[in-house]
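I opened my notebook for a look at helix packing and nonpolar cores. Here is what I looked up, in the order I went.

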Amino acid sequence: MILVKTQTGHQVLKDRSVPLSPRQRSAFILFDGKRSVDEVLANGMGIAREDIDQMVALGLLEPAEGSAASPAAGGASAEAVAKPVAPAAPAAPAVSSSGRSKQQRYKDAYPIATQLTGSLGLMGFRLNLQVEGTTSYEDLLALAPKIRAAVGPEKAAALDKALND
């Protein structure tokens, strides 16, 4: 199946309003209406089909017009991929008392962390790069003490809540 960026996807690429990991962002750029999903996956960027499915679910990507016959096949392959992934979910009972998974906490905390470190200017440039390099909840959680030390506990309260609530 060939995917293309939606209008929303183009906007997100410009304003970074939806946090994408560096790998997701790089793969997202490759969806130009010429490359198939399999070609992007085989590109060696370390992106998984779940990442692509997530971008489709967020409305950032959609099937190209010429690949209208493929969505059924794409849906079947997405189901086939989702079945092997499903057993991994019980192995990671990463749901907090608020019912949010680690992935959701990462999605909530990432924009806060980038905003906090971005507001530090040149002093926080390296820290901002480290935040942008995170790809998981654990990575961001490990950086939280550095962010807290740089911005102060009052400003870091929102980040702590997003990570630990």
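Predicted model: local features only at pLDDT ≥ 70, side-chain atom pairs only at ≥ 80, totals over all residues.

Entry 1: For helix α9 (residues 137–151) and helix α10 (residues 153–164), I found an angle of about 165 degrees and axes 9 Å apart. Angles over 145 degrees count as roughly antiparallel, so that is how α9 and α10 run relative to each other. I also noted the handedness: α9 passes α10 in a left-handed crossing.

**Entry 2: who meets whom.** Next I listed the contact residues. On the α9 side I have Y137, L140, L141, A144, I147, R148 and V151, and on the α10 side P153, K155, A156, L159, D160, L163 and N164. Sorted by class, this contact holds 10 nonpolar, one polar and three charged residues.

**Entry 3: the largest core.** Which residues have the most contacts inside the largest nonpolar core? I got V131, L140, I147, L159 and L163, in a core of 18 residues. At least two residues of this core come from each of α7 (102–118), α8 (125–132), α9 and α10. The biggest contributor is α9, with six residues.

**Entry 4: V131 up close.** I then left out the neighbours within four places in sequence and checked what V131 touches. V131 is in contact with Y110, A113, T114, T117, L140, L143 and I147.

**Entry 5: a separate core.** Finally, I found another core lying apart from the largest one. This other core has 14 residues, including V12, F28, I52 and L60.

How values were computed. Residues numbered from 1 in each chain as written. Heavy atoms only, no water. Axes fitted to C-alpha atoms, helices over the stretch in contact; angles between N-to-C directions. Helix = DSSP H or I, 4+ residues; strand = E, 2+ residues; numbered from the N terminus. Parallel < 35°, antiparallel > 145°, perpendicular 65-115°, else oblique. Left-handed = near helix turned anticlockwise from the far one by under 90°. Contact = heavy atoms within 4.5 Å. Nonpolar A, V, L, I, M, F, W, Y, C, P; charged D, E, K, R; others polar. Core = buried A, V, L, I, M, F, W, Y, C linked by side-chain atoms within 4.5 Å. Buried < 20%, exposed > 50% of the residue type's maximum accessible area, 1.4 Å probe, protein only.
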